[in-house]
Amino acid sequence: MFEVDQPEVIQFKSGTLACLGVDPSAERREIGIDLRNDWPKALLEGAFDRSKPTAWIAEGLLIYLPPDAQDRLFDSITELSAPGSRMATEFVPDMGVFLGERAQRLSERIKEYGHGLDVFDLVYRGERSDVPEHLRRLGWLVSSHTTREILEANGFPFPDDEAFAPFGNAIYVSAALAQR
């Protein structure tokens with residue numbers, strides 16, 4: 001398993017696993033690099049085999065990348081992927097949730113749960129590509145569902161709460177790379 005993340009994040013995760021006495025059941029290869037840099041090169045130098053189908057997970061990440069870096073991420077993943085590779089990610093079509101008064105209220109709510117960091121200061125704003133459409137253009141077979149749809153399909157009501165309302169239309173994406 002290759003884990004590509006900022007060096008400080010990998011160090012924190014590795015330290016936490018060690019403190020808990022947890023040994024991963026798979027070989028874990030750490031690639032400490034900021035995704036805004038040349039992470040594909042670092043991954044290949046870390047013995048990544050691009051000829052084999054790969055499972056990619058980009059979870060909780062996209063809002064923390066500049067819009068152009070989001071597109072480059074998926075372009076690079078596609079270049080590194082063999083047919084049959086799979087991907088899971090999310091897409092927030094309404095970035096307005098991270099702006100203005102609504103974001104301030106949401107930030108205050110998050111702080112009530114003990115988070116001292118204002119995560120909205122970390123969010124990159126700007127017009128973004130529609131992730132499912134971008135992946136389709138790159139040759140991926142895409143399936144996508146909103147948070148609300150997933151919860152309801154599994155018998156759970158969507159929370160009737162102002163803090164959660166903006167995320168009802170967040171989209172969870174799964175994709176498989178078709179034959180080229």
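## Helices and the loop of R128

Helices, counted here as DSSP runs of at least four residues, are numbered from the N terminus. In this predicted model, R128 sits in the loop that connects α4 (100-112) with α5 (131-137).

Helix α1 covers residues 7-20, which makes 14 residues. From its first C-alpha to its last, α1 reaches 20 Å, close to the 20 Å expected at 1.5 Å a residue. After α1 comes G21, and the phi of G21 is positive, near 70°.

R128 is buried but has no salt bridge. The nearest side chain of opposite charge belongs to D71, and it is 7.2 Å away. A salt bridge would need a side-chain nitrogen of Lys or Arg within 4 Å of a carboxyl oxygen of Asp or Glu.

## The largest nonpolar core

The largest nonpolar core has 26 residues, and the members that touch the most other members are W39, W56, L73, L135 and W140. Two or more residues each are given to this core by α2 (39-45), β3 (55-58), α3, β4 (86-91), α5, β5 (140-146) and β6 (171-177). Helix α3 supplies the largest share, five residues.

L135 belongs to helix α5. Its relative accessibility is 0%, so L135 counts as buried. Leaving out residues up to four places away in sequence, L135 touches F74, M87, W140, V142, V173 and A175. L135 and D75 are 60 residues apart in sequence, and their C-alpha atoms are 8.5 Å apart in space.

W140 touches L135 in turn, and also W56, I77, T78, S81, S85, R86, M87, A175, A176 and L177, again without residues up to four places away in sequence.

## S76 in helix α3

Helix α3 spans residues 67-80 and includes S76. Is S76 buried or exposed? S76 counts as buried because its relative accessibility is 18%, and the cut-off for buried is under 20%. Apart from neighbours within four places in sequence, S76 is in contact with W39 and P40. W39 is also one of the core members that touch the most other members.

Note on methods: Residues are numbered from 1 along each chain as its sequence is written. This is a predicted model: local features need pLDDT of at least 70, side-chain atom pairs count only at pLDDT 80 or more; totals for chains, interfaces and linings use all residues. Side-chain values use heavy atoms; hydrogens and water are left out. Buried means under 20% relative accessible area, exposed over 50%, partly exposed in between (1.4 Å probe, protein chains only). Contact means heavy atoms within 4.5 Å. The expected span of a helix is 1.5 Å times one less than its number of residues. Lys and Arg count as positive and Asp and Glu as negative; His and the chain ends are not counted. A nonpolar core is a set of buried Ala, Val, Leu, Ile, Met, Phe, Trp, Tyr and Cys residues joined through side-chain atoms within 4.5 Å.
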